[in-house]
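Work through the exercises below with the model open beside you. Try each task before you read its solution.

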Amino acid sequence: MPQRNPLNRPLADGIRQLGFRKWYERELLSSHAHMTLAILAAVAMLASFEAFQGASPVDKLINTGFVVASAAIALWSLRRYLFLLMHAEELANQANCPSCKAYGQLKLQEDPAARPGPGLVPVCCKRCGFRWNLNDG
Ligand SMILES: [Zn+2]
């Protein structure tokens, strides 16, 4: 189950409201924004290390706080970047219609009978009508 986040819709909601391709595009944009944040936080951490030289004990204590904070932000955003990227790629690898090989031309099956189970998202090809499940587990 993907992590809940107001900026990243769950797959079923994303397909319903945006379509698969837009959902995928937004997941990639979001993941790369997290990568940018990770790089900026790493630069901030290095700058905080640089500021240790010749600093007073109080400044060193404050710099230690900056190092810890920027390291935590860098680790969190790197983890989030990798999660969002791998999640989007995992689902993009399942987005080819098994019947007609169309990529990303799918819509959500809204039929209540098509509830395959937890972690599976029932989809239908827009081109040929083939039905299959995306594994979002
Ligand atoms: Zn198809």
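Of the 16 residues in the largest nonpolar core, Leu11, Ile15, Phe20, Trp23, Val123 and Leu134 touch the most other members. Such a core is a set of buried Ala, Val, Leu, Ile, Met, Phe, Trp, Tyr and Cys residues joined through C-beta atoms within 7 Å. Buried means 20 or more other C-beta atoms within 10 Å of a residue's own, exposed means 12 or fewer, and partly exposed lies in between, with C-beta atoms placed from the backbone.

This is a predicted model: local features need pLDDT of at least 70, side-chain atom pairs count only at pLDDT 80 or more, and totals for chains, interfaces and linings use all residues. Residues are numbered from 1 along each chain as its sequence is written.

**Exercise 1.** Find which element gives this core its largest share.

*Solution.* Start with the contributors: α1, α2, α3, β1 and β2 (120–125) each supply at least two residues. Helices (H or I, at least four residues) and strands (E, at least two) are DSSP runs, numbered from the N terminus. The largest share, 5 residues, comes from α2.

**Exercise 2.** Is Met45 buried, exposed or partly exposed?

*Solution.* Locate Met45 in helix α2 (residues 20–50). Count its C-beta neighbours inside 10 Å: there are 19, so Met45 is partly exposed. Now list contacts (C-beta atoms, placed from the backbone, within 7 Å). Beyond four places in sequence, Met45 touches Val67, Ser70, Ala71 and Ala74.

Technical notes:
Two residues are in contact if their C-beta atoms, placed from the backbone, lie within 7 Å.
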